[in-house]
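Morning, everyone. Please have a look at the screen.

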Amino acid sequence: MYYRKRSLEDIPEENTNIWSCSQEECNGWIRDDFAFKYVPTCGFCHSTMVSSTRMLPTLVNTNKDMKSLKMGTIITE
Ligand SMILES: [Zn+2]
């Protein structure tokens, strides 16, 4: 009954833009959340990263509850 991890339940997934490492053996990747003006390099092997997509849980920081928790933080100025 409890073989599923609770954190995996009820999390919606969406097709998300990511950058993934161009090295086949390396599984380095990052979300494309930061509007890169340049092609990022892999944090593991420093290879060029390639734009890709992947099904990922919807980011919690788009959630209103999360925003209200961060009310003390000025995000844009
Ligand atoms: Zn890599």
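One term to begin with: pLDDT is the confidence of the predictor in each residue, on a scale from 0 to 100. We need it because this is a predicted model, where local features need pLDDT of at least 70 and side-chain atom pairs count only at pLDDT 80 or more, while totals for chains, interfaces and linings use all residues. Residue numbers start from 1 along each chain, as its sequence is written.

The chain has a mean pLDDT of 76, and 60% of its residues reach 70 or more. Helices (H or I, at least four residues) and strands (E, at least two) are runs in DSSP, numbered from the N terminus. Which element of the chain has the lowest mean pLDDT? That is helix 1, residues 64–69, at 49, while strand 1 has the highest, at 92.

Now the sheet. Strands of a sheet pair through backbone hydrogen bonds, either parallel or antiparallel. Two strands count as paired if DSSP finds at least two bridges between them. Here, three strands form an open sheet in the order 2-1-3, and the pairing is antiparallel. Strand 2 (29–31) and strand 3 (49–57) are the edge strands, each pairing on one side only. On average, neighbouring strands of this sheet are turned by 40 degrees against each other, direction ignored; the axes behind that angle are lines fitted to C-alpha atoms.

How many bridges join strand 1 to strand 2? Three, with strand 1 covering residues 13–21. Strand 1 and strand 3 pair over nine bridges. Take S20: opposite it stand W29 in strand 2 and V50 in strand 3. I18 has R31 as its bridge partner in strand 2.

How values were computed. Axes fitted to C-alpha atoms, helices over the stretch in contact; angles between N-to-C directions.
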